[in-house]
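Work through the exercises below with the sequence and the model open. Each task is followed by a solution in steps.

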Amino acid sequence: MEGLRLWILLTLLEGLFYLLRVERWRSLTAMSSLENLSHEDRIFPPSPEFVAQANAQTSLYQEAADDRLAFWSRQADYLHWEKKWDEVLKWEVPSAQWFLGGKINATYNCLDAHVIAGRGDRVAFHFEGEPGDTRTITYAQMLHDVKKATNALIELGIRAGDRVAIYMPMIPEAAVAMLACARIGAAHSVIFGGFSAEALKSRILDADATLVITSDGGFRKGSAFPLKPVVDEALAGTDHNVKNVLVVKRTGQETQWSAGRDIWWHEIVDRQSPEHIAQGFDSEQVLFILYTSGTTAKPKGIFHTTGGYLTQTSYTHRAVFDLKPETDVYWCTADIGWITGHSYVVYGPMINGATQVMYEGTPDSPTKHRLFQIIEKYKVSILYTAPTLIRTWMKWGEEFPADSDLTSLRLLGSVGEPINPEAWMWYREVIGGNNCPIVDTWWQTETGGLMISPLPGVTATKPGSAMAALPGISAKVVDDEGNEVENGNGGYLVLTEPWPAMLRGVWGEPERYQETYWSRFPGKYFAGDGAKLDDDGAIWLLGRVDDVMNVSGHRISTTEVESSLVSHHNVAEAAVVGANDAMTGQAIVAFVILRGGIPKVDGEELIKDLKAHVTKEIGAIARPKQILVVAELPKTRSGKIMRRLLRDVAENRTVGDSTTLADPNIMKLIGEGLKSGKSED
Ligand code: WT7
């Protein structure tokens, strides 16, 4: 009897603790609650052992401040230039050119340079396929593969300046394809394998790609998913200029074949000569286009050029990840479909001769041990990942990392979204064994390379802060009028000087480039992020201030999801907000008004249908977590949807000030409507 009572008491207490934890968790991850950031007592200075061997020195800040352009020249000197530049920077707002007159080949720097210097035997990639197949690829092997792939592209008529779409799983051929394009000055446009046929189509058309490189499919969560059929669908019935589709055989799935257009990678690449001499291209040659979500429905084709981009990605990779190429094993978990995969899997690390891990699958397949086992197996020493994964690990519990030996780790990085102090501490203690500096790196598809981050071995870090602009970078926090705020205050993050890896424009839309980034604060780059300076001047990123959501570190436009919803025949109007989510940072919540005059539809069926519709239009990453059917949307008198109020509803808060609403009753109506239409999964 006593035992039973004790048991009940303990169970109740446990429940209570759980609830308290969840509550605290919710409030900590809510960006709006990062108001009290002016002071953080926990400060982690670098250990003397780390300082003694660090690549970065405190003097870097002074060097860059003394002469910024000379500083960047010295970083560019690490690269192999076929012809050295005549002028470091030409800057006329908003157009930057770096290392003018220089000639350089990106692939030569990633591969040939290492082989020529006798480092050909070094492992470039330890590849771990999702089903458990593995490959060890040296720099020499990679160069051999890239030369053959390059010759195949040439045979297919690809020339400098052409655009090549790459739609692939996370397999070595994806990197080979990118480097083969770069070798001949063709711009690659990588489209993440999770995007739908519609999304793929619009990107192929926008860049006017003439070749698509894909695979039959890839492996994910224990089974094969198709890619080639998605390419077929994207190209069907469209007026495009794609002459060929090059298909890597990965899964062995059956696929339709369009004779004359489709070619197996192994059939054309294997028979090529392994000889190819790389030629230097102009420093400002377009290296790649990468589409990212903006505030309108149409994604922006951010394009980057060669010399400046390679300079900044390799420099930041050396300084911030402290790479020791002979001994480190570096693992950036990003997919090649995102900028992180471009800058910190392909270009930065390969220029620096890093040995990397590349993994095809997800963290929970076949078990939640997978990533920890990979760290142990390859003795990963530098890990670079996203807060959403760290929070997922926290949810799973410490028993999973505890089962593997993670003591090879010596440095941890975070990217993609603000990292909440709890996740930062957990990362440090549980993954890093209290022994690894953490670099929280802020940057964007547009910035090309890291911009704000601690320097390991130099910076004393605070959990949750990206700390300071890197040497050579000028970041400021300004108020509405563009005036710099004092310590202890918040505002908008701006970049006040051009940087080598900055975007050179939005593909085909010069006005949009000017309008999006350079018009809010004339002469300054507007990042779209809120930020705060604490009492010591450390920078805390607070999330987006525009209509862009950040779900698991992926950028998704509210407008893009809205326009996809209204393209459904049952939807009259839609409003989409990013609601705080303990796991994914933000979650997509949609409010829809149904069309009148349609036959009565089953609520649950309809919501399922709408979610499937968005998945088809954009991809699974844009699928709303919740869709709420409402009778009206809250609008100002000028007709602007008040997303702030919808966010209150989506986050289960009391609805804030609604006095500017054209119809003050709306929020009440929405509240009532919710009871009938709420769905979540
Ligand atoms: C947006 C850029 C850069 C690679 C991945 C995302 C957010 C990124 C951080 C960070 C707080 C961050 C910003 C930024 N973001 N890193 N360390 N702390 N926020 O690239 O898809 O271009 O997204 O991601 O909001 O604007 P992206």
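This is a predicted model: local features need pLDDT of at least 70, side-chain atom pairs count only at pLDDT 80 or more; totals for chains, interfaces and linings use all residues.

**Exercise 1.** Describe the shell of residues around the ligand by its nearest members, its composition and the elements that supply it.

Step 1. The shell holds 17 residues, and those that come nearest are Asp440, Thr441, Thr445, Asp529 and Arg544.
Step 2. Sorted by type, the shell has six nonpolar, six polar and five charged residues.
Step 3. At least two shell residues come from each of helix H12 (339–351), strand E20 (438–441) and strand E25 (539–544).

**Exercise 2.** Find the distances from ligand atoms to N or O atoms in the side chains of Asp440, Gln444 and Asp529, then state how much of the ligand the protein buries.

Step 1. For Asp440, the side-chain N or O atom is 2.8 Å from a nitrogen atom of the ligand.
Step 2. The ligand taken alone exposes 560 Å², of which the protein buries 95%.

**Exercise 3.** Count the aromatic pairs and classify the pair of Trp81 and Trp85.

Step 1. The count is 33 aromatic pairs.
Step 2. In the pair of Trp81 and Trp85, the ring centres are 4.9 Å apart and the planes make an angle of 65°.
Step 3. Planes over 60 degrees apart count as edge-to-face, so this pair is edge-to-face.
Step 4. Trp81 and Trp85 are both buried.
Step 5. Ring pairs also place these two in a cluster with Phe71, Trp72, Trp98, Phe99 and Tyr315.

**Exercise 4.** Are Phe288 and Tyr309, which form an aromatic pair, buried or exposed?

Step 1. The pair of Phe288 and Tyr309 is edge-to-face, with 5.1 Å from centre to centre and 80° between the planes.
Step 2. Phe288 lies in strand E14 (residues 286–292) and Tyr309 in helix H11 (residues 307–320), so the pair links parts of the chain 21 residues apart.
Step 3. Buried means under 20% relative accessible area. Phe288 has 0% and is therefore buried; Tyr309, with 1%, is buried too.

**Exercise 5.** Which rings have the charged ends of Lys84 and Arg520 over them?

Step 1. The charged end of Lys84 sits over the ring of Trp85, at 4.8 Å from the ring centre.
Step 2. The charged end of Arg520 sits over the ring of Tyr492, at 5.1 Å from the ring centre.

Methods:
Residues are numbered from 1 along each chain as its sequence is written. Side-chain values use heavy atoms; hydrogens and water are left out. A residue is near a molecule or strand if one of its heavy atoms lies within 4 Å of it. A polar contact is a pair of N or O atoms within 3.5 Å; within protein, one must be able to donate a hydrogen and the other to accept it, and residues adjacent in sequence count only if both atoms are side-chain atoms. Accessible areas come from the Shrake-Rupley method with a 1.4 Å probe; for residues, only the protein chains shown count as cover. Helices (H or I, at least four residues) and strands (E, at least two) are DSSP runs, numbered from the N terminus. Ala, Val, Leu, Ile, Met, Phe, Trp, Tyr, Cys and Pro count as nonpolar, Asp, Glu, Lys and Arg as charged, and the others, Gly among them, as polar. Rings of Phe, Tyr and Trp (its six-membered ring) pair if their centres lie within 6.5 Å; planes under 30 degrees apart count as stacked, over 60 as edge-to-face and the rest as tilted. Buried means under 20% relative accessible area, exposed over 50%, partly exposed in between (1.4 Å probe, protein chains only). A charge sits over a ring if NZ of Lys or CZ of Arg is within 6 Å of the ring centre and within 35 degrees of the ring normal.
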